[in-house]
Amino acid sequence: MINRLQSPRQTFASGTRTSLTLVLLALVTQAGIVAVQRAFPPQGRMVEVDGARLHVVDIGPRDSGLPIVMLHGASSNLEAMRRPLGDILAGNRRVILIDRPGHGWSTRGRRQDSTPQIQARMIDEALHKLGIDRAVFVVHSWSGALGARIALDHPHRVAGLVMLAPVTHPWRGGVGRYNEIIAMPVIGPLLAYTITLPLGYVLAESGARNVFLPQTMPDGFVKDSATPLLLRPREFIANAYDLVTLKESVAAQVARYGEIKAPVTIVAGEPDKTVKTSIHARPFAAAVPNAKLIVLPDLGHMVQNAVPDLVKAEIETMIGRIVPAQAAAD
């Protein structure tokens, strides 16, 4: 077989077609950003902190005692914690839901501000501005590392910590080749601003279903959780940075887990394929002095959707112990 080289004219035509395709995809992406943001507008207020503007939704009665702060995981936003768990809790508790820096309607000045340490500082500052001295934190998945970091670096803020399928320890392997590529200079933004949004619309439903297994994803979850906001380029890149830097971050804080004094309740599932309980929840519970571990044999990764009533009961039990203890200490 003889390999024929392209002529200069063929090379130019091929390059022109590629450029036009990229321009078209970029225009589709920009139109998609406008459509997504109109479909899922911000629901709360913006709080300025050093390095970010955090979107905060404050629901439930203000005079209900110890408030609850809810922090979502990767590839999501505060709506993933609000429905149904946050709304259930808000029936008799003040609930503060926060879009993590760079996610949902929160901004962050630097993509590199992706670590639990930096985001813990931002959230602590936001709660100070909101007048929240102490709270029970409810954290899911990626924010397991964040909740642990808040308890370590800002212990005065944490009355208790409820962790749902948390990431807490280093694991074997990476976080997906696509995330690693998106976090790279030049090529990452090129992909994010051209193919991520149109491709994501096609794949979002199936991807979300896989995270729920062995549970069935609720009808309308992708829309109800405002998941399409993730497909915006700036958020998709921020999410990739969060994921590719997480392993090193948890490795740096593992040795300190014994310092956590706040009561901790962990709810996880044995069949969770996204965050393995044997790597994260079990060793974390063994390392923290005042930890309670609940492992369910048929529970997947989306704990807040699968067993919201159980989580609510555990939160109420924790608050029921914290408040008398605090009163006695005072």
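User: What is the volume of the largest pocket, and what makes a space a pocket rather than a cavity?

Analyst: The volume is about 1200 Å³. Its lining has 44 residues, with A74, S75, V211, N239 and L243 closest to the centre. The search uses a 1 Å grid over the protein atoms alone. A cavity is a set of points where a 1.4 Å probe fits but cannot get out. A pocket is an open set with protein on both sides within 12 Å along at least five of seven lines. Lining residues have an atom within 4 Å of a point. Volume is the space filled by probe spheres set on the points, which are joined across faces, edges and corners.

This is a predicted model, where local features need pLDDT of at least 70 and side-chain atom pairs pLDDT 80 or more, while totals for chains, interfaces and linings use all residues. Numbering starts from 1 along each chain as its sequence is written, and side-chain values use heavy atoms, without hydrogens and water.

User: Which helix gives the most to that lining, and how are its residues classed?

Analyst: α7 gives the most, nine residues. At least two each come from α2 (79-89), α5 (177-182), α7 (196-212) and α9 (233-253). Helices are DSSP runs of H or I with at least four residues, strands runs of E with at least two, both numbered from the N terminus. The classes are 23 nonpolar, 19 polar and two charged. Nonpolar means Ala, Val, Leu, Ile, Met, Phe, Trp, Tyr, Cys or Pro; charged means Asp, Glu, Lys or Arg; the others, Gly among them, are polar.

User: What lines the second largest pocket?

Analyst: It is lined by 18 residues, with F40, P41, Q43, E79 and A226 nearest its centre. α2 and α8 (221-224) each give two or more. α2 has the largest share, three residues. The classes are eight nonpolar, four polar and six charged. The volume is about 230 Å³.

User: Why is R121 called partly exposed, and D50 exposed?

Analyst: Buried is under 20% relative accessible area, exposed over 50%, partly exposed in between (1.4 Å probe, protein chains only). R121 is at 29%, so it is partly exposed. D50 is at 52%, so it is exposed.

User: What makes R121 and D50 a salt bridge?

Analyst: The test is a side-chain nitrogen of Lys or Arg within 4 Å of a carboxyl oxygen of Asp or Glu. The closest N and O atoms of R121 and D50 are 4.0 Å apart, and the pair counts. R121 lies in α3 and D50 in the loop between β1 (45-49) and β2 (52-59), 71 residues apart.

User: How is R93 paired, and is R93 buried or exposed?

Analyst: R93 meets E316 at 2.8 Å, N to O. E316 is in α12 (308-329), 223 residues away. R93 is at 13%, so it is buried.

User: How many salt bridges does the whole structure have?

Analyst: The search finds 24. E79, R82, R83, D87 and D224 form a network of them.
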